[in-house]
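Dear colleague,

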Amino acid sequence: MKSNLGNWMLAAAVCISASAWAADGGKPGKAKPAPSKKFIDPANMDLSVKPGDDFFEYANGGWIKKNTIPAKETSWGSFIMLRDNNKQQIVGIVNEVSKTSATQPKGSIKQRVGDLYASAMDTVTIERLGYNPIKADLQRIDAINNVDAVVNEIVYERSNAIGSPLFSFGVRQDSKNVSKYIVSFGQGGTSLPDRDYYLNNDARTQRIQAAYKQYITDLFTLTGSSPEEAAKNASTIFGIESKLAQAQMSRVAMRDPNKTYNKFTVADFSKTTPHLNWVQLLPKLKVNGQDTVLVGQPDFYKSADALLVATPIEDWKTYLKWGILRNSAGSLSSPFVQAQFKYSSVLSGQKVQTPRNERSAMFVDGAVGELLGQLYVEQYFKPAAKTYMEGLVANLRTALGERIQRLDWMTPETKARATKKLNAFTVKIGYTEKWETYAGLNIDRNDYFGNIRRVSAWGYNDMINRLGKPVDKTEWGMTPPTVNAYYNPVNNEIVFPAGILQFPFYDFAADDAVNYGGIGAVIGHEMTHGFDDQGRQYDADGTLRDWWKKEDADKFKSRADMVVNQYNGFTAVDTMHVNGRLTLGENLADLGGINIAYEAFKKTKEGKSNTKIDGFTPDQRFFLSFAQIWRGLQRPEATAQQIKTDPHSPGRFRTNGPVVNVDAWYKAFNVQAGDKMYKKPEDRIKIW
Ligand SMILES: [Zn+2]
């Protein structure tokens, strides 16, 4: 992301793993690892478990027994360890740069990266200021005395990138006219991670609600409210947000891109919201010359509009103040930061606060990631990885093309269109070819809070300024050190940042089985997103348009339903099951990914051989490498939150879920009827 305003650019994109954010060391010119390095290490496995009983445990049990989650983390494993590694590299870079940035030319990369980090580390100033940086905002809200003033405050905060009360708003590509940017309105206005946290009543949810109300009480108390008043504010805010949550669509319902595509003229949209006149409000949001807008959830806007007049003005003022407090708490003095952590640790299970230098380094990555990214790739990116990736992507594309031709459930017409889409994929590897300059963004070494506001405002203006301009397809939605990958349907592109091109995903010294089972499966995963339950609804040029013959779509849906049922059967924590509908796209991508990567692997020299390495056959190494990327531990609180909010299934099921549908896995490990994971050949799900 170009700035930390949020992931509006990736509105429809899907990625390989949750936290958008992560790499093994490896400075340029680093020697090949010693030949004794085991890319599949039996010490990380549990050979006492039968692979057919629990493949995840068999492949990862040794590692799981030896490791614990560090107190500052909510999970620990392949992804997070690589992310932590990259984070430490970034800390090293920003720390070094900040020592001399004050004397660098104003506006240069090093001046802005180094001074931004230095400002975030300047705890003397931050502590001295307390909550002074937000006093003007709180006073402005105090002066509100009618509904119009409430609405004006909402758009003022939005257009100055101070906050995002009541609804969400952005500029994105029009998915039915992808060469144009359009204004897009969405549901919002709540703070807990999902509407369920307001509407459910189980013990785990109640604990989180109590912690949330305490958090509100704490922040109001810290800004001068009496404890009684602060507690009353908490219940007011929870009440308003619960009503907004009630009006929101569920995550599962929002998986249908046609349901969330509602185009209105500005005048017609205004008619649905009598107290929000968008003809007048859009210019205040700095939007001019736009006749139409997209509205993700029209019913939400009707409810929010009704709530505007049904709720006392004093309650709105409390709600708006809360938005300011919540947005700023992490950047104010330590009592605010501690209150925020106390709440978030109940949600995530994290035991101790992330060290300030790490938080500050990640803030720089989020704020000016394409300035920092230039310093990162200079020091850590290995061009050999890009060359290898290009070959791998080409081989996987060929394999998927052949698999599409062989599908027994699809007509030739739909196959031809699917092939056209596959051939049209754009591939991005490593980092952008056109770095963002953040023109006009001033970074002041002595003004942390001001920097945050300037970065946000720069991002808002950059977003608004797109309107009316051609779509820039060279843009990236992730920064170079990120350990992740994504498919963006409106550009029909698959994107792999530099940060993920490292072990255990990829290593230039590893055998093909390891690389195809690792980064190969990731590539196949992203390719399959172009054909999952959402992605398949976009055509070769990224337009949301149905290109399927009905009989083919029906067959796809009935096969996808089998995947829904399979994952609904997995229990993640307590009695919480994986939500097969919410995770369908990711589970389809995992299943497609392993099949495509395996087929491509079988065309390599190693794939055709039977030569064992470290005691394992090539096929065994392929599947063990796949399992190894999902190796990890997670706190139960974090798992519970993942199940509710994240379209990705927990790692254990991302391993065991796909392999039971792959015939070659049965053969590789001699899995037989009677083994716990065994599925009869006719029950194994085949889609892509
Ligand atoms: Zn994905």
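Within helix α3, the buried residues are I109, Q111, R112, V113, G114, D115, L116, Y117, A118, S119 and A120. Please bear in mind throughout that this is a predicted model. Because 11 of the 13 residues of α3 are buried, the helix is largely enclosed by the rest of the structure. The partners against which these buried residues pack are α2 (78-100), α15 (356-380) and α18 (448-464). Helix α3 itself covers residues 109-121, and its 13 residues reach 18 Å from the first C-alpha to the last, close to the 18 Å expected at 1.5 Å a residue.

**Domain arrangement**

The protein chain is divided into three parts: domain 1 (44-73 + 381-434 + 474-683), domain 2 (74-130 + 350-380 + 436-469) and domain 3 (132-332). To the contact between them, domain 1 gives 14 residues and domain 3 gives 13 residues.

Strand β3 (residues 168-174) pairs with strand β4 (residues 177-186) in the antiparallel sense, over 7 bridges. The two strands form a hairpin, with 2 residues between them. Within this pairing, Q173 has Y181 of β4 as its bridge partner. Strand β4 is also joined to strand β6 (residues 292-295) by 2 bridges, and these two strands run parallel. Here F185 stands opposite V295 in β6.

**The four-stranded sheet**

An open sheet of 4 strands has the order β1-β8-β9-β7, with mixed pairing. Strands β1 (14-15) and β7 (426-430) stand at the edges, each with a single partner strand, so one side of each is left without a neighbour in the sheet. Helix α16 (residues 383-406) packs on this sheet and touches β7 and β9. The direction of α16 makes about 155 degrees with that of β7. Inside the sheet, strand β8 (residues 486-488) and strand β9 (residues 493-497) pair in the antiparallel sense over 3 bridges. In that pair, Y487 stands opposite I494 in β9.

**Backbone details in the loops**

The peptide bond from F503 to P504 is cis, with omega near 10 degrees. P504 has its place in the loop between β9 and α19 (512-529).

K286 is not a glycine, yet has a positive phi of about 70 degrees. This residue, K286, lies in the loop between α11 (278-284) and β6. K286 counts as partly exposed because it has 16 C-beta neighbours inside 10 Å.

Y438, likewise a residue other than glycine, has a positive phi near 55 degrees. The loop between β7 and α18 is where Y438 is found. With 23 other C-beta atoms within 10 Å, Y438 is buried.

Yours sincerely

Terms used
Residues numbered from 1 in each chain as written. Predicted model: local features only at pLDDT ≥ 70, side-chain atom pairs only at ≥ 80, totals over all residues. Expected span 1.5 Å × (residues − 1). Buried ≥ 20, exposed ≤ 12 C-beta atoms within 10 Å, placed from the backbone. Contact = placed C-beta atoms within 7 Å. Pairing = 2+ DSSP bridges. Axes fitted to C-alpha atoms, helices over the stretch in contact; angles between N-to-C directions. Domains from an automatic or database assignment.
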